[in-house]
Amino acid sequence: MSDEDDSEPAVALGEHTPVEGAPLARVSSRLTWPKERSEVDRLEGDSVIRTPAGPKELSAVLEDVDETYFQRRQEFEAHVREVIGTGPVSTADGE
């Protein structure tokens, strides 16, 4: 422990900007793998995920995924990202 005054954070934090939806990784981490697409939809289809185009229900995204069976979490996330794309996610304020 140091004797220095640690009343301020070591890194300046920005303003809290809300982002609608959950990160894809958070949703996929709640599942065990391997898993069928229909089972993912049944368990997490109503989850809203963050996308570059704004929040979307996972169920709607899964309709555009061609794969029907995912061996691993990473495979599932790769297929979903092919549909939703990658890039900056808009904030709830639309910035």
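Predicted model: local features only at pLDDT ≥ 70, side-chain atom pairs only at ≥ 80, totals over all residues.
Trainee: How much of the protein is made up of buried residues?
Mentor: Of the 95 residues, 26% are buried. The protein exposes about 6700 Å², and carbon and sulfur atoms supply 44% of that area.

Trainee: Among contacts between residues at least 6 apart in sequence, what share joins residues at least 24 apart?
Mentor: That share is 60%. Ile49 and Gly21 illustrate a pair separated along the chain: they are 28 residues apart, and their C-alpha atoms are separated by 4.5 Å.

Trainee: Where is the place of Ile49, and is Ile49 buried or exposed?
Mentor: Ile49 belongs to strand E2, residues 48-49. Its relative accessibility is 0%, so Ile49 counts as buried.

Trainee: Which residues does Ile49 touch, not counting those up to four places away in sequence?
Mentor: Among them are Gly21, Ala22, Leu24, Val27, Leu58, Val61, Val80 and Ile84. Pro55 is also one of the residues that Ile49 touches.

Trainee: What about Pro55, and where is it found?
Mentor: Pro55 is in the loop between E2 and strand E3 (56-57). Pro55 counts as partly exposed because its relative accessibility is 40%. Setting aside residues up to four places away in sequence, Pro55 touches Glu20, Val48 and Ile49. The C-alpha atoms of Pro55 and Ser90, which are 35 residues apart along the chain, are separated by 8.7 Å.

Trainee: Another proline, then: what kind of peptide bond joins Trp33 and Pro34?
Mentor: A cis peptide bond joins them, with omega about 5°. Pro34 is found in the loop between helix H1 (24-29) and strand E1 (35-36).

Trainee: Changing topic, how many salt bridges does the count come to?
Mentor: The count comes to 4 salt bridges. One of them is formed by the side chains of Arg30 and Glu44, at 3.0 Å from N to O. Arg30 lies in the loop between H1 and E1 and Glu44 in helix H2 (residues 37-44), so this pair ties together parts that are 14 residues apart in sequence.

Trainee: Is Glu44 buried or exposed?
Mentor: Glu44 is buried, with a relative accessible area of 11%. Arg30 is partly exposed, with a value of 47%.

Trainee: With which residue does Glu39 form a salt bridge?
Mentor: Glu39 forms a salt bridge with Arg42, and the closest N and O atoms are 2.7 Å apart. The two are separated by about one helical turn because they are 3 residues apart in helix H2. Arg42 is exposed at 59%, whereas Glu39 counts as partly exposed at 24% relative accessibility.

Trainee: Lastly, which residues form the negative surface patch?
Mentor: Glu63, Asp64, Asp66 and Glu82 form it. Asp64 lies in the loop between helix H3 (58-62) and strand E4 (69-70), and Asp64 counts as exposed at 53% relative accessibility.

Technical notes
Residues numbered from 1 in each chain as written. Heavy atoms only, no water. Patch = residues over 30% accessible without salt bridge, like charges linked within 9 Å, V, L, I, M, F, W, Y side chains within 5 Å. Areas by Shrake-Rupley, 256 points an atom, 1.4 Å probe, with all protein chains shown as cover. Lys, Arg positive; Asp, Glu negative; His and termini not counted. Charge placed at Lys NZ, Arg CZ, Asp CG, Glu CD. Helix = DSSP H or I, 4+ residues; strand = E, 2+ residues; numbered from the N terminus. Buried < 20%, exposed > 50% of the residue type's maximum accessible area, 1.4 Å probe, protein only. Contact = heavy atoms within 4.5 Å.
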